[in-house]
Amino acid sequence: MSQGFSIELYFDPALENQVLKAWNVLARRQISTQLIEIESRPHITLFSSPFLDPARLESVVKSFVSKQEPLPLSFSSFGTFPNEKNHLFLAPAPTMALLQFQAQLCEAIKKEGIEIGEEFKADAWIPYCAVAQQVPKTRMAEAFCVLRELKLPVSGYAMDIGLVEFSPVREHFSFGLGNAVEP
């Protein structure tokens, strides 16, 4: 049964490989394997909802990405949220371009009558790329040490947007940024 849907921002292959390197080290050390197990792909979540009609969003997203260019990204720090989920993430520098990109996408979605949750509103959204989920509390310090071994910042570009259903992850569609809309 589906837990929800999300619109995800995907990276160029070199940046994606840098994130996968972190996932694989954490998995080899048996700290966290969940992202690999659910067949996720390194990404930044731009929008998420428990209920969606993918067909209703496809033309909105396709039109939106056709007007966008690849977006520079630089993951310059890592962290965790102050809750019991024990997720670890890489944090991109929150550039105006990234923040406006997400806000404009949510505005386009909202125009379709789809409600935007509080955490995805422009004044509340926190961009991040998950590298570990449900890390045992006793392994958090070790996980942070693993992430410190990454040579940050790692930089590249956001190249695609996809709509996925989870969990496990199943992609409904994806489009490259800047691709022309077909007639």
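Helices (H or I, at least four residues) and strands (E, at least two) are taken here as DSSP runs, numbered from the N terminus. The structure is a predicted model, in which local features need pLDDT of at least 70 and side-chain atom pairs count only at pLDDT 80 or more, while totals for chains, interfaces and linings use all residues. Residues are numbered from 1 along each chain as its sequence is written, and side-chain values use heavy atoms, with hydrogens and water left out.

Glu39 sits in the loop between α2 and β2, and its phi is near 60 degrees, a positive value in a residue other than glycine. With a relative accessible area of 58%, Glu39 is exposed; here buried means under 20% relative accessible area, exposed over 50%, and partly exposed in between (1.4 Å probe, protein chains only). Gln30, in the loop between α1 (13–28) and α2 (34–37), also has a positive phi, near 55 degrees. Gln30 is exposed as well, at a relative accessible area of 65%.

Why do these residues deserve a look? Most residues other than glycine have a negative phi, and most peptide bonds are trans.

Now turn to the helices. The axes of α3 and α4 come within 10 Å and cross at roughly 145 degrees (axes are lines fitted to C-alpha atoms, for helices over the stretch in contact, and angles run from 0 to 180 degrees between N-to-C directions). At this crossing, Leu57, Val60 and Phe64 of α3 meet Phe101, Gln104, Leu105, Ala108 and Ile109 of α4, where contact means heavy atoms within 4.5 Å. Helix α4 also holds Gln102, which is buried at a relative accessible area of 1%. Leaving aside residues up to four places away in sequence, Gln102 touches Leu46, Phe120 and Trp125.

The aromatic rings come next. Rings of Phe, Tyr and Trp (its six-membered ring) pair if their centres lie within 6.5 Å; planes under 30 degrees apart count as stacked, over 60 as edge-to-face and the rest as tilted. By this rule there are eight aromatic pairs. In one of them, the ring centres of Phe64 and Phe101 are 5.2 Å apart and the planes stand at 70 degrees, so the pair is edge-to-face. This pair links distant parts of the chain, with Phe64 in helix α3 (residues 54–66) and Phe101 in helix α4 (residues 96–110), 37 residues apart. Both Phe64 and Phe101 are buried.

Phe81 and Tyr128 form another edge-to-face pair, because their ring centres are 5.0 Å apart and their planes lie at 80 degrees. Phe81 lies in the loop between β3 (71–80) and β4 (88–92), and Tyr128 in the loop between α4 and β5 (129–132), so the pair ties together parts that are 47 residues apart in sequence. Phe81 is partly exposed at 23% relative accessibility, and Tyr128 is partly exposed at 29%. Together with Phe89, Phe81 and Tyr128 form one aromatic cluster.

Finally, visit Ser48 in strand β2 (residues 44–49). Its C-alpha is 8.7 Å from that of Glu8, although Ser48 and Glu8 are 40 residues apart in sequence.
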